[in-house]
Amino acid sequence: MVFEKGSIGDTFYIILHGDVGVYVPRQKKQAILKMETMSKSDRKSLRNSIASSKKFNSILPIHTMKKIENMAEFIVLKGGQAFGEAALINNAPRSASILCKTDCHFAIMNKENFNGTLLAIEQRRQQKFANFLKSLKMFNGWTNRKCERLLHAIEK
């Protein structure tokens, strides 16, 4: 078992090798569909950003274990996919249990490094938007702060 539903989330995982099952309580299987997660583009950006990062705490091997009672398998994640971000982003307990279906190796990142990486991604996104605006004649005299305010207003 990598972690159990309801446990404190302090680690982000990228599967280097193996398959894991995501398990939710049988009666609440549909509720997991509403779980807030990162978009595919944000996940890709995060994966690319941390692939070259030195912020990983370790590579963790975990071995296969048996199924969890009273839980239903929601999805199977494979090498290259990631999990554990929802608890870190929402500062909430784990919303599912994760069980290795095969022998697995993970790259793991603690909450502090994960949040730092997300902050760096957000800052790059804002800078890219500011640079785009400044390339337009109408906004070429604007400061980065004004461009950031506009971005926030657009997103709301």
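Predicted model: local features only at pLDDT ≥ 70, side-chain atom pairs only at ≥ 80, totals over all residues.
Leaving aside residues up to four places away in sequence, Ile98 touches Met1, Val2, Phe3, Val20, Gly21, Val22 and Phe83.

Ile98 also belongs to the largest nonpolar core, a set of 15 residues. Together with Val2, Tyr13, Val20, Phe83 and Phe106, Ile98 is among those with the most contacts inside that core.

| Strand | Residues |
|---|---|
| E1 | 11–17 |
| E2 | 20–25 |
| E6 | 97–100 |
| E7 | 104–110 |

As background, nonpolar side chains tend to be buried together in soluble globular proteins.

E7 is mostly covered, with 5 of its 7 residues buried. E7 pairs with E1 in the antiparallel sense, and the pairing runs over 6 bridges. Within E7, Phe106 is the bridge partner of Ile15.

How many disulfides does the model have? The count comes to 0. Cys104 is in no disulfide, and the nearest cysteine sulfur, that of Cys100, lies 3.6 Å away; a disulfide would need the two sulfur atoms within 2.5 Å. Is Cys104 buried or exposed? Cys104 is buried, because its relative accessible area is 1%, and the cut-off for buried is under 20%. Cys147 is buried too, with a relative accessible area of 1%.

Technical notes
Residues numbered from 1 in each chain as written. Heavy atoms only, no water. Core = buried A, V, L, I, M, F, W, Y, C linked by side-chain atoms within 4.5 Å. Buried < 20%, exposed > 50% of the residue type's maximum accessible area, 1.4 Å probe, protein only. Helix = DSSP H or I, 4+ residues; strand = E, 2+ residues; numbered from the N terminus. Contact = heavy atoms within 4.5 Å. Pairing = 2+ DSSP bridges.
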